[in-house]
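Here is a briefing on the structure shown below. It covers sheets, helices and a cavity.

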Amino acid sequence: MEDKEERIETPLVAIVIDATPAKKFASQAIIDNGSTMMNRIFDALIGFGNAHLMQGSHNKLAVIACNSKSTKFLYPSENGDSKSYHNRPGQYDMFAKVDSDIRHGLSELILKDSIDHDSTTSDSLLGGAMARALCHIHKIQRELSLSHQLKPRILVVSGSSDSALQYMTFMNVFFTAQKENVVIDCCMMDSDSGLLQQGCDITGGQYLRIPTVVGLLEYLLWVFLPGPSCRSKIVLPPPTKVDYRAACFCHHKLVDIGWVCSVCLSIFCKFSIICTTCNTEFKLNRPAIVPSKPKKRPRME
Amino acid sequence: MADEEETNEYRWESGYEKTWEAIKEDDDGLLESNVAEIVARAKRKRAALKATGAIQLGMMRHLFVVIDASECMFLQDLKPTRFLCVLKLLELFVHEFFDLNPISQLGILTTKVKRSEQVSALAGNQKKHIEALQQMKDTSCEGEPSLQNSLERAMNGLKNMPAHSSREVLVLFGSLTTCDPGDIQKTIKSLKENNIRVSIIGLAAEVRICREIAKRTGGTYNVLLDDHHLKELILNQVQPPAVAGSMEASLVKMGFPGGKPGSSDGASDSAADHAPAYCLCHIENETSCLMGNNSGYNCPQCGSRYCELPVECKQCGLTLVSAPHLARSYHHLFPIKPFIERTEVPEMTHCFACAKPFGELDPNVYECENCNQIVCLDCDLFIRETLHTCPGCASDPITAQMKTN
């Protein structure tokens, strides 16, 4: 018997764009028909966003961009002021709005970045952008009526490698996404990111590192456009084996066997008397040396 | 009804509280805005209570849950019976407990017919406990409970646990009586000596011995008001408790399996690591699972294969965890400071976190001390309870770096 009260599925895709200008793309100025690589990437992303909106009338989109200085909501536009846009005759109004909002927002973001000439190259603020995406998803979930069922997912498009200092932010975002049933997909353009691989594994999303940036739109449409519910029916790139080893707090190198402080759970590669994070002294667990026993026991280390 | 602090009087000792005076109608005679305000204030108060500073928390917990399975648990004041209601809530508790305390261990005991029995041993595997709870639905509740027997059995199990772990017992007690073989004061004394904290949730009424046990061992004692309150009380136990003070800290050796196949230290990476093998967690079952080439995790010390983490290696005794398991507890160590409440700020028209325009329904906005970004009430609660990261601080290049002082 058909369930008459079927809830309308509302997929929501939040695209998080890492707009940190990569030196590699800056040098590769003009290709093909006079457009720069950055333009091609943004065109591909707008195309993907519009393709998602086209899939159903209730589908929702959100776009957030970040660089090493700040993060910004591109769509829905941040302070409610969207610039006027001209739609081509016959073009769906919403597509033109998405196009115009994203382009204006990105140009503002990039111009703001180039104005303050800060020589320190800090890492991209991807964690903050993902946190804002989660808050936005949470808001949409609250506002949606009961007849709709939200199916949120986040697509991260990035070319930056990992930032060890933002580990806490990333892990909090991943655990929150897992709790809220948000799937995190990741499309990496240039380098691999171990943290994002872990995130995709924790939330059940798709991680892909694309070999050529020129074909970005194709990869996005083929791999990331279908939602999680139909992914089981499609042959997708196989999951990568994620490196779940932890990095020690003293040298930031990955360890197989480590020593964990029982108070603050920080990881060390060597046994030491005091914990550098929480300053607790450790009780030595070694057995007392009994002088009367002559035989030597091999030390278990 | 009992109060939490012993210095307060009981409700029946103090005068009447005229609760109907809290609700007032506004000018149009509507109650809606008033109700919304009360709800918002209650939400914030609850969130503020949880916002404590960086006190030492017991992360590695060994917890025994004692379920009263005596005659009185067949009463139907909680639907369908007290026993079934408690079992259902405990399944949720087990799930949340391992979610929030991934390296902890849980055990389940029951007490009936003046004895206590062990339903599932102290283990870190979530599925086993949930299966045990589901099988318990068919057991009958009979006889009288014995508080002392169950506490003694729990104590035997917890005595041998390492000193750096937090030893706890949670008793779900529905009876008003207990039938003990000896002097329970002696049991309380030895519980205190072994640093075991006993928390009790009463399902009927307040029983004096329960309050004494909880007070002397440093736990909490609460009696439920209705089933929603019971759920809240049980889920409060999920949060790691503050350290009792005499917990020893030590460095625990742990293994982190799951490195990439082509890892840099090639010496430990042999062909045997990737060959198909039986996993050690199911080896005693008849249907042991055969792990394929790259699935499963190898213990870095002895090489035995396991299907899932966290687990204690049966062969060499090393605790195996993965980095996200430890990272789940890190947010307790770096808590966010509560946001400052302000009335509307004219220049910020939208909430920073969710891009919602501030309207009439948001009389107050909240500002973060570090990054000075403004968020709405719902985002404030979401950040505090679930996200544990301020989006404003994470979006600012100066404050985004992790502080490990």
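Helix α6 (residues 194–203) of chain A lies across β4, β5 (183–188) and β6 of chain A. The helix runs at about 145° to β5(A). This is a predicted model, in which local features need pLDDT of at least 70, side-chain atom pairs count only at pLDDT 80 or more, and totals for chains, interfaces and linings use all residues. Residues are numbered from 1 along each chain as its sequence is written, chains are lettered from A and ligands numbered from 1 in the order written, and side-chain values use heavy atoms, with hydrogens and water left out.

**Terms for elements and packing**
- Helices (H or I, at least four residues) and strands (E, at least two) are DSSP runs, numbered from the N terminus.
- Two strands pair if DSSP finds at least two bridges between them.
- Contact means heavy atoms within 4.5 Å.
- Axes are lines fitted to C-alpha atoms, for helices over the stretch in contact; angles run from 0 to 180 degrees between N-to-C directions.

**Chain A sheet**
- In chain A, 6 strands make an open sheet ordered β3-β2-β1-β4-β5-β6, with mixed pairing.
- β3 (71–75) and β6 (207–209) of chain A are the edge strands, and each pairs on one side only.
- Neighbouring strands are turned by 20° against each other on average, direction ignored.
- β1(A) and β2(A) run parallel and are joined by 7 bridges.
- A:Val13 has A:Leu61 in β2(A) as its bridge partner.
- α2(A) lies across β1, β2 and β4 (148–158) of chain A, at about 170° to β1(A).

**Cavity in chain A**
- The structure holds 2 cavities of 30 Å³ or more. A cavity is a set of points on a 1 Å grid over the protein atoms alone where a 1.4 Å probe fits but cannot get out; lining residues have an atom within 4 Å of a point.
- The second largest cavity has about 40 Å³ of space. Its lining includes A:Ile15, A:Leu45, A:Gly49, A:Leu61 and A:Ile102.
- β1 (8–18), α2 (37–55) and β2 (60–66) of chain A each give two or more residues to this lining. α2(A) gives the most, with 3 residues.

**Chain B sheet**
- Chain B has 11 helices and 16 strands.
- β2 (residues 105–112) of chain B pairs with β3(B) in the antiparallel sense over 6 bridges. B:Ile108 stands opposite B:Ser120 in β3(B).

**Helix α6 of chain B**
- Among the buried residues of α6 (residues 208–217) of chain B are B:Ile209, B:Cys210, B:Glu212 and B:Thr217. Buried means under 20% relative accessible area (1.4 Å probe, protein chains only).
- The buried residues of α6(B) pack against α4, β4, α5 (184–193), β5 and β6 of chain B.

Definitions and conventions. On a 1 Å grid over the protein atoms alone, a cavity is a set of points where a 1.4 Å probe fits but cannot get out, and a pocket is an open set with protein on both sides within 12 Å along at least five of seven lines; lining residues have an atom within 4 Å of a point. Grid points are joined across faces, edges and corners, and a volume is the space filled by probe spheres set on the points. Buried means under 20% relative accessible area, exposed over 50%, partly exposed in between (1.4 Å probe, protein chains only).
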